[in-house]
Amino acid sequence: MSAGSSRGMPARAAAPSSLREKEDESSTATATAHGVRCCQQAAAEGSPARAAAPSSLREKEGESSTATAHGVRCCQQAAAEGCPPGRQRPPPSSLREKSSTATTTAHGVRCCQQAAAEGSPAWAAAPASLREKEDESSTATATAHGVRCCQQAAAEGSPPGWQRPPPPFLREKEDESSTATAHGVRCCQQAAAEGSPAWAAAPSSLREKEDESSTATATAHGRADKNKDNKMSFKEIKNMLRMINIDMNDIYAYRLFKECDKSNNDRLEEHEIEEFCTRLMARPELEEIFHGYSGEDCVLSAEELREFLRDQGEEASLQRAREIIQMYELNEKARQHDLMMLDGFTMYLLSSAGSILNQAHTGIYQDMTQPLCHYFISSSHNTYLTDNQIGGASSTEAYIRALMKGCRCVELDCWEGSNGEPVIYHGHTLTSKILFRDAIESIRDHAFKHSPYPLILSLENHCGLEQQSTMARHMKVILGDMLLTLPLDGDTPKQLPSPEQLKWKILVKGKKLPDDKSDSERGSFTSSHEEETEEDEDERSANSLQEIKPLQAKDATQISRELSDVVVYCRSVPFQSLARALHHQQPTEMSSFSERKARKLIKESGNLFVRYNARHLSRIYPLGLKMNSANYNPQEMWNAGCQLVALNFQTPGAEMDLNDGRFLANGRCGYVLKPAWLRHSQTNFDPESPRRGTGQRPVTLTIKVITAQQLPKLNKEKNSSIVDPFVRIEIHGVPVDCSKKQTEYRLNNGFNPCWNETLTFQVRVPELALVRFVVEDYDTTSSNDFVGQFTLPLPSVKEGYRHIHLLSKDATSLSPATLFVHVKCKKM
């Protein structure tokens, strides 16, 4: 390595001693180390240092297994860009711990791939298996910090960027394609849109590039132009877009390509390429807003930005304006003078700070010390199913998915199994079965990964006494201290404990034996006919429609003492009437209602049902007659204060969108505090006829739908057509507030459609209202195609100019698809 040192490359000296000691070892483990790649790179650059590498290591050069270590990729890239200090920068610990080819999406691999994309000589030293990946269009590997910030830092000649650790948000999204634009302006803007503070860590040398005409796009242009004739085919244009991390629909890209191809020869010349890039990045509606505040000098001062913040309804102080400039402005000189240019302003509006969702509500911000019955609780019905309730598959994965979405009440339909082991499935149907024990193990492993607040296991018990006892033993052994088996204070409480008191605890909802234990310890309590759940009756009706022969199983007319003892705060009791329940039901007792029964109570005794839910938990479940596991509208139940509004999480659609929107706020922890007038035991609120004076604050909601960006074409059968999008805004709340309004459709434009249409809504009970933004593809001959949606609580909506990041039908990100709107909410 002396030759490398003589060339001013101290990388070898900076290598960890553990690696230097391994130089002469012949194991493949050393093939990924610092010394291997530094030597290879030195050779690639014509350095005699290669001769200093042991032959055992030189022989390993072609192995793809050597493609993951920091020494391979970071050092090669440093050499390629002429930045030797980069070699000595340590990789994140997560990479040091991994040496398998499975880590080819990590820091080392990505730096090397980017070197190839940028035309770096470092690519010559990369294993063939990596070189073959050059033309892959998958954006799935393009989101980690090493990909986005570090790669571009290398491309821009700024090796210090490599040493910056990625924020947890980006580490968690390593396999997603959400951050799909270029660092020059677009990548950082999109990273900000996804809530990443990575831009704040970008080296100043990158931010200074804003005023240079040779941006990341121009750099990529030179690399993508394979034959160096200053003309680019559509394929080369697509390669360029991939290099600068722009995820663009082929249809939109080709249309823009043809519009810029003035010579009509299917190749863009230099001035046409410049026009393509300019039009690609243009956001005229943002430019108009910017110039409205900046005036003729095209630069926002801190004072002018403060005016914009004031109009946005944000904290409007000079200090806050300066903080935003320092965080989002790209130009170093502008930042030094507290000035913001258009690109910095654009990045700010695309960041989480410019989202329609109030960022103060993305964490736990509500009082979590009130009784359980004072919260809406995210709840799942038939949690074990992955498909419909007649012949669908049961899986422990379904429990994991529900828990990772913030669900805090899962259902277990328990039936007699073979070999003394109870099973879970949809009884009397053809759904597959899973072991009760396996489900409990999955619940244990994932119960509190997403939320620390209590998880409720809703048992639908159809087992005999012996297997009931087995169920109790499994829960005690597998869940251990997580399972709550005794009241917190040791006595029967006068009210339910709070989510804060029950943190990290699992509660069981089920039937319970009388406290006097007059029956045998084995348990011989017989359920009354009234206590048999209406859910069973509904499901038997559904099954009869399918003419499925009932399977042999025992009905749980007796409760074992062991199973009874694990029920503490969620004792299932039969519901007889609201009047009786309000006077005699204990705080720890609760009832379940079918959607039909709950709807009837709301219409006939709305206020009494609200008072009942202010004191007791209630669980609502879908009718069993719905063979396709369709959901009901949960908003009706929330209007009456029902807490455990159970939905089929496996069935996507508008109902699950509402559920996701309801629990989007308060850190997505699965608990949302009900409005005060739904928590008071003597409330006068009636969801069917809300009146002023009961605590509501009516508002006028005005939303101007301005533009959309890069809407996906989801109907693959219509390859030749472009989206004809329109936007529908829905208000879901008490019946008097429910409303839908929509824009006109825009013909053949999903890339940057513009509406500038204003929709206005009167909302009497905004505390309960949800706002759902839906984009659909207009079709004159058939039903409109769903494009994307986003739903959030009205109290969590931010006023001013806002971006809405659209979600797919199954609630996954459609990035970079967004809506751009202006929101105004005024008290009536």
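The charged end of K433 sits over the ring of Y425, 4.8 Å from the ring centre. K741 does likewise with F761, lying over the ring face at 5.2 Å from the centre. These contacts come from a predicted model.

Rings also meet rings. A pair of aromatic rings is described by the distance of the centres and the angle of the planes. The count here comes to 21 aromatic pairs. Take Y375 and Y671. Their ring centres are 6.1 Å apart and their planes stand at 80°, so the pair is edge-to-face. Y375 belongs to strand β3, residues 375-380, and Y671 to strand β15, residues 671-673. The pair therefore ties together parts that lie 296 residues apart in sequence. Y375 is buried, at 0% relative accessibility. Y671 is buried too, with a relative accessible area of 0%.

Y801 and F820 make a stacked pair. Their centres are 5.9 Å apart, with 15° between the planes. Y801 sits in strand β22 (residues 800-807) and F820 in strand β23 (residues 813-827), 19 residues apart. F820 is buried at 1%. Elsewhere, ring pairs link F290, Y293, F308 and F345 into a cluster.

G295 follows α18 and has a positive phi, near 80°.

Now go back to β3 and look at its neighbour. β3 and β14 pair in the parallel sense over 4 bridges. Within that pairing, S378 has V645 of β14 as its bridge partner. Strand β13 (residues 618-621) also pairs with β14 in the parallel sense, over 2 bridges. There, I620 has V645 as its bridge partner. In a regular strand the side chains alternate between the two faces of the sheet. Which residues of β14 are covered on each face? Strand β14 runs over residues 644-647. L644 and A646 are on one side, V645 and L647 are on the other, and all are buried.

Charged side chains come next. The whole structure holds 25 salt bridges. In one of them, the side chains of E314 and K798 meet at 3.3 Å, N to O. E314 is in the loop between α19 (302-312) and α20 (318-328), while K798 is in the loop between β21 (785-793) and β22. The two residues are 484 apart in the chain, and their pair links these distant parts. E314 is partly exposed, with a relative accessible area of 21%. K798 has 17% relative accessibility and therefore counts as buried, because the cut-off for buried is under 20%.

R444 and D445 also meet in a salt bridge, at 2.9 Å, N to O. R444 is partly exposed, with a relative accessible area of 31%. D445 is partly exposed as well, at 39%.

R561 and D565 form a further salt bridge, with the closest N and O atoms 3.9 Å apart. Both residues are in helix α27 (residues 561-565). Being 4 residues apart there, they are separated by about one helical turn. R561 is buried, at 6% relative accessible area. D565 is partly exposed, at 30%. Some salt bridges share partners: D657, R728, E730, R772 and E776 are joined this way into one network.

What is the count of disulfides? It comes to 0. C298 is partly exposed, with a relative accessible area of 36%. C669 is buried, at 2% relative accessibility.

Note on methods
Residues are numbered from 1 along each chain as its sequence is written. This is a predicted model: local features need pLDDT of at least 70, side-chain atom pairs count only at pLDDT 80 or more; totals for chains, interfaces and linings use all residues. Side-chain values use heavy atoms; hydrogens and water are left out. Rings of Phe, Tyr and Trp (its six-membered ring) pair if their centres lie within 6.5 Å; planes under 30 degrees apart count as stacked, over 60 as edge-to-face and the rest as tilted. Buried means under 20% relative accessible area, exposed over 50%, partly exposed in between (1.4 Å probe, protein chains only). A charge sits over a ring if NZ of Lys or CZ of Arg is within 6 Å of the ring centre and within 35 degrees of the ring normal. A disulfide is a pair of cysteine sulfur atoms within 2.5 Å. Two strands pair if DSSP finds at least two bridges between them. A salt bridge is a side-chain nitrogen of Lys or Arg within 4 Å of a carboxyl oxygen of Asp or Glu.
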